Amino acid sequence: MSTPSLPLADLVRQVRQSREYPRLTDAIPYTRFMGIGVENLAGEMLCRMRYAPHLIGNSLLPALHGGTLGALLESSAIFELLLKTDTERVPKVISTTVDFLRSGKAQDTFARAFITRQGRRVANVRVEAWQDDRTRPIASSHALFLLSEP
């Protein structure tokens, strides 16, 4: 874990070139707390939320809290926009819809974001999250982000 010594825009530019994703996720206290990191797995940029007991919402099952899955989906979308577009600032959420498809087990969860449409000011992003089987997502979301002010 490192403390950012650069402004976020400079750090994002460096991570875009170096692909040292942990430098970016470690610089954000919220993603550190949630255990969310960006990883290059088999040539694909994925987000992983490492399991921790504080992520459980229903201790009887035990199942991940819906808010933690929402945080993973939103973080994945933001990292995709930061690392795949030329935006100089953290995109702001305009709207988001989350579909909870299955109960999240007490284990690591992965997410992959896809920019479905990008204009000069806004971008649409679709994200899917899964655990054991990528073809059986546990949650998905569609989100609209503001990339720049007028």
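## A proline in a loop

In this predicted model, P62 sits in the loop that runs between β3 (56-58) and β4 (63-64). The peptide bond joining L61 to P62 is worth a look when you open the structure: it is cis, and its omega is about -20°.

## The buried side of α1

Let's turn to helix α1, which spans residues 8-18. Its buried residues are L11, V12 and V15. They cover an arc of only 100° around the axis, so they lie on the same side of α1.

What do the buried residues of α1 pack against? Their partners are two other helices, α2 (21-26) and α4 (66-84).

Is R19 buried or exposed? Its relative accessibility is 55%, and exposed means over 50%, so R19 counts as exposed.

## A42, between two strands

A42 also has a positive phi, of about 55°, although it is not a glycine. You will find A42 in the loop between β1 (36-41) and β2 (44-49). With a relative accessibility of 87%, A42 counts as exposed because that value is over the 50% cut-off.

Note on methods: Residues numbered from 1 in each chain as written. Predicted model: local features only at pLDDT ≥ 70, side-chain atom pairs only at ≥ 80, totals over all residues. Heavy atoms only, no water. Buried < 20%, exposed > 50% of the residue type's maximum accessible area, 1.4 Å probe, protein only. Helix = DSSP H or I, 4+ residues; strand = E, 2+ residues; numbered from the N terminus. Arc of directions from axis to C-beta. Contact = heavy atoms within 4.5 Å.
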